[in-house]
Amino acid sequence: MAGKPAADGELVIDPMSQFEIKRLVNMDLGIIDLSFTNSALFTFIAVALTVVLLWVAVSGHSLVPSRAQSMAEVFYEFTRNMVRDTAGNEALKYFPYIFTLFVFILACNLLGMVPYSFTVTSHFAVTVFLALSVFITVTVIGFMKHGAKFFLFFWPMSAPPVMRPFLCIIEVISYLARPISHSIRLGANMMAGHAVLKVLAAFVGALGVFGFLPILGVVGITALEFLVAVLQAYVFAILTVVYLNDALHMH
Amino acid sequence: MEGNIAEMGKYIGAGLAGIGMGAAGIGVGTIAGNFLAGALRNPAAAQGQTPTLFIGIAFAEALGIFAFLVALLLLFAV
């Protein structure tokens with residue numbers, strides 16, 4: 001754990017060691033490093049859990065759903081309504097992609113809340129990949145739908161003519177900043193929350209008899225982290241839908 | 001008294017970047033507070049606007065997270 005006392009009794013708070021990538025199976029091929037890490041392991045666990053849970057839930061095919069099936073149905077319907085309400089019926093074509101993103105991120109976030117597990121989404125390498133894939137997909141969809149007219153997206157027609165070039169620059173910058181904020185939001189939220197938990201946990205040992213005070217804090221923060229885990233997955237999904245809406249309908 | 005000036009500047013800069021997170025907190029609080037004020041006036045319309053609330057919070061929070069990123073870059077990448 002984080003707060004292990006050093007040899008001279010000094011407290012060492014090491015909140016970042018939980019994010020360390022460890023090689024489980026070494027497969028360094030020289031040119032590329034394909035080692036199977038704990039990050040990869042937990043990605044597989046998250047995917048397997050999702051597949052099994054959703055599979056088992058809907059395997060009954062009953063008209064009157066069981067508890068598990070109704071849970072899966074509520075989840076499916078919630079995401080579908082979110083896509084339709086935000087981006088219209090055209091966006092339903094891309095619903096499987098958004099549902100996959102949502103479920104995968106949610107599974108990774110919640111799996112990270114299990115003690116001693118690894119939070120896959122706390123690493124920027126993972127979140128930047130997810131956000132870049134969304135960015136490229138959405139941009140390609142925009143160009144496929146509107147052709148070269150998609151560039152008009154950056155030219156604010158409602159603004160006064162003098163202001164348009166300046167606003168155009170701002171629009172382009174904010175468009176290019178999307179994958180950055182999209183990915184960093186998820187990664188930083190997951191990382192910061194887990195680091196705070198570890199720092200508070202280290203205080204428990206340091207305070208001795210009064211250690212119960214930080215424990216109360218840890219309990220509260222853990223509850224908050226569950227909220228953050230679900231909320232960040234939701235925010236990632238809904239921002240994807242918002243970007244998709246921009247590409248489909250251009251403002 | 002040891003260490004060099006660049007090292008000191010790094011930590012001071014990272015600390016200053018932390019102020020940005022407080023500013024983001026003000027922004028998120030304003031959004032949530034205004035949403036609540038509006039929702040209490042017209043509870044029937046509140047349900048439909050919840051996604052907008054989260055989008056607004058996410059955008060406000062993104063800027064605070066950029067501050068966090070600056071702090072991280074100063075501490076570990078410079």
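Mentor: G187(A) sits in helix α5 of chain A. Keep in mind that this is a predicted model. Is G187(A) buried or exposed? It counts as buried, because 24 C-beta neighbours lie inside 10 Å and the cut-off for that label is 20 or more. Setting aside neighbours within four places in sequence, G187(A) is in contact with T121(A), S122(A), H123(A), F124(A) and T127(A). T100(A) is another matter. It is 87 residues from G187(A) in sequence, and the two C-alpha atoms are 18 Å apart.

T121(A) leads on to the next residue. Beyond residues up to four places away in sequence, I105(A) touches T121(A), L186(A), A233(A) and F236(A). I105(A) also belongs to the largest nonpolar core, which has 43 residues. Which members touch the most other members of that core? They are F102(A), I105(A), A233(A), F236(A), A237(A), V241(A) and L244(A). In chain A, α1 (38-58), α2 (67-87), α3 (95-112), α4, α5 (164-206) and α6 (212-249) each supply at least two residues, and so does α2 of chain B. The most comes from α6(A), with 11 residues. As background, nonpolar side chains tend to be buried together in soluble globular proteins.

Now take a residue in helix α4 (residues 124-146) of chain A: K145(A). K145(A) is partly exposed, since 14 other C-beta atoms lie within 10 Å. Leaving out neighbours within four places in sequence, K145(A) is in contact with A247(A) and L248(A). Along the chain, K145(A) and A247(A) are 102 residues apart. Their C-alpha atoms are separated by 8.1 Å.

Chain B has 2 helices and 0 strands. Its radius of gyration is 18 Å, well over the 12 Å that the globule rule gives for 78 residues, so chain B is more spread out than a compact globule. Along the principal axes, its C-alpha atoms fill a box of roughly 65 × 20 × 10 Å. Of the 78 residues of chain B, 13% count as buried.

How do its helices pack? Two packed helices are described by the angle between their axes and the distance between the axes. In chain B, helix α1 (residues 5-41) and helix α2 (residues 43-77) pack at an angle of about 175 degrees, with axes 8 Å apart. The two are therefore roughly antiparallel to each other, the cut-off for that label being over 145 degrees. The residues of this contact divide into 23 nonpolar, 6 polar and 2 charged. The contacts within chain B can also be sorted by sequence separation. Among those between residues at least 6 apart in sequence, 91% join residues at least 24 apart.

Key
Residues are numbered from 1 along each chain as its sequence is written. Chains are lettered from A and ligands numbered from 1 in the order in which they are written. This is a predicted model: local features need pLDDT of at least 70, side-chain atom pairs count only at pLDDT 80 or more; totals for chains, interfaces and linings use all residues. Axes are lines fitted to C-alpha atoms, for helices over the stretch in contact, and angles run from 0 to 180 degrees between N-to-C directions. Helices (H or I, at least four residues) and strands (E, at least two) are DSSP runs, numbered from the N terminus. Angles under 35 degrees count as roughly parallel, over 145 as roughly antiparallel, 65 to 115 as roughly perpendicular and the rest as oblique. Ala, Val, Leu, Ile, Met, Phe, Trp, Tyr, Cys and Pro count as nonpolar, Asp, Glu, Lys and Arg as charged, and the others, Gly among them, as polar. A residue is buried if 20 or more other C-beta atoms lie within 10 Å of its own, exposed if 12 or fewer, and partly exposed in between; C-beta atoms are placed from the backbone. Two residues are in contact if their C-beta atoms, placed from the backbone, lie within 7 Å. A nonpolar core is a set of buried Ala, Val, Leu, Ile, Met, Phe, Trp, Tyr and Cys residues joined through C-beta atoms within 7 Å. The radius of gyration is taken over C-alpha atoms; the globule rule is 2.2 Å times the number of residues to the power 0.38.
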